[in-house]
Amino acid sequence: MNWKVPLVEIAATDEDVAAVMECLESGWLTLGPRTQNFETALAEMVGTEHAVAVSSGSAALHLAMRSAGIGPRDQVIVPSMSFVACAHAVAHCGAEVVFCDSVGAGNPNLDPASVEALIGPRTRAVLAVHMWGYPARVTELRQLCDQHGIILIEDCADSIMAGTPDGFTTGTVGLASCFSFFSKTQLPVGEGGMILTDDETLAASARSLRSHAMSSVTWERHRGHGLGYDVTDIGFNYRIDEPRSALGLSRIRSLSADIGARRAAVTKYRAALAGLEGLEIPFTDREAGLSSHFVFPVLVPDRTRREEIRAKLVAVGVQTTRYPAIHRLTLYADSATDQDLPRASDIADRHLGLPVHALLTDQQIDLVVGALGEALEETGPT
């Protein structure tokens, strides 16, 4: 498909190419010094003590939970209006997923009141997802978790460098936070992820588990720091490679500017779409100003019209996305019902994610806005 307005557009700069080529020419491609530098750079930017780079955002979620001690018979509260990797990370630990509802159409993030109602004797953690780059109510959730003696973990896959209304950066409120560098994120390297934390014990555990829980890794042995290794736990091959870390290091330099461009695009979207009949725009202007904008979410009247509108946007070359509620997926269908999670179910039926990226032009925004307005008019009541 030759999209006129793709969800994501990535341009590799000369600096990006040079950074990766330098890595390739060095002859060292697995976990090594560039990864260490990438970890340091992101930890300093976000404001945490420790960072552990891994092979994906999903791996980050799994290792964060595993390193926090989550295991069989534990329950972890997860928003249904999210990506399935959140639930999978819990299941990989042998724990039980407990789905919570969203705040509502104006804020699709997990609802602290729904979380509180679900806390029981087996609850070990809450996973706060900052959906689409908009901060969840993590300060309120952290207070709730502290009251009940449970862990708060942040999923920042969509929300790198977003800010909360009370002045925190997403990724600095929970015990640990998990980031993704998938191609659709604000810091795209193709695949990759990172765990950030101020907890030294959790960081050490994650760093060990990402490489089979070996007592030394290849880079250390290459430098002569030991000739062998021991294995102390059942670990994983969750290592990120050096070319991706090199690309991440290069791209992190422009991250603030890229997020600024995304915020400017969303400001234009919100102004152009305000008051359009049949369209709801989640979140407030202030919340939009704090978000780092993975996509631009809108809600239409119902599921049928959503699919009709989406088809009309495709016909004019506008790419969109939507997320199913996790509790409706076959694997998790017995975990909850639409009656249990009415707001998440409603949002899943009615939302569309419109394109947002740093290279989005005013002309492309005008095309999306015009096509969406026409589609709403054509699919509306006659």
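Student: Is glutamate 242 buried or exposed?

Tutor: Good place to start! This is a predicted model, where local features need pLDDT of at least 70, side-chain atom pairs count only at pLDDT 80 or more, and totals for chains, interfaces and linings use all residues. Residues are numbered from 1 along each chain as its sequence is written, and side-chain values use heavy atoms, leaving out hydrogens and water. Because its relative accessible area is 0%, where buried means under 20%, exposed over 50% and partly exposed in between (1.4 Å probe, protein chains only), glutamate 242 is buried.

Student: Which side chain meets glutamate 242 in a salt bridge?

Tutor: A salt bridge is a side-chain nitrogen of Lys or Arg within 4 Å of a carboxyl oxygen of Asp or Glu. Here the N to O distance is 3.8 Å, and the partner of glutamate 242 is arginine 34.

Student: How many residues apart are arginine 34 and glutamate 242?

Tutor: Helices are DSSP runs of H or I with at least four residues, strands are runs of E with at least two, and both are numbered from the N terminus. Arginine 34 sits in helix 2 (residues 33-46) and glutamate 242 in helix 9 (residues 242-251), so this pair links distant parts of the chain.

Student: Which residue forms a salt bridge with glutamate 39?

Tutor: Glutamate 39 is also in helix 2, and its partner lies in the loop between helix 7 (200-209) and helix 8 (218-222). Both residues of the pair are buried. With the closest N and O atoms 2.8 Å apart, the partner is arginine 210.

Student: How far apart are the closest N and O atoms of aspartate 362 and lysine 268?

Tutor: Aspartate 362 is partly exposed, with a relative accessible area of 39%, and lysine 268 is partly exposed with 39% as well. They form a salt bridge, and the distance is 2.5 Å.

Student: At what angle do helix 10 and helix 14 pack?

Tutor: Axes are lines fitted to C-alpha atoms, for helices over the stretch in contact, and angles run from 0 to 180 degrees between N-to-C directions. For helix 10 (residues 255-273) and helix 14 (residues 362-379), the axes are 10 Å apart. Their packing angle is about 30°.
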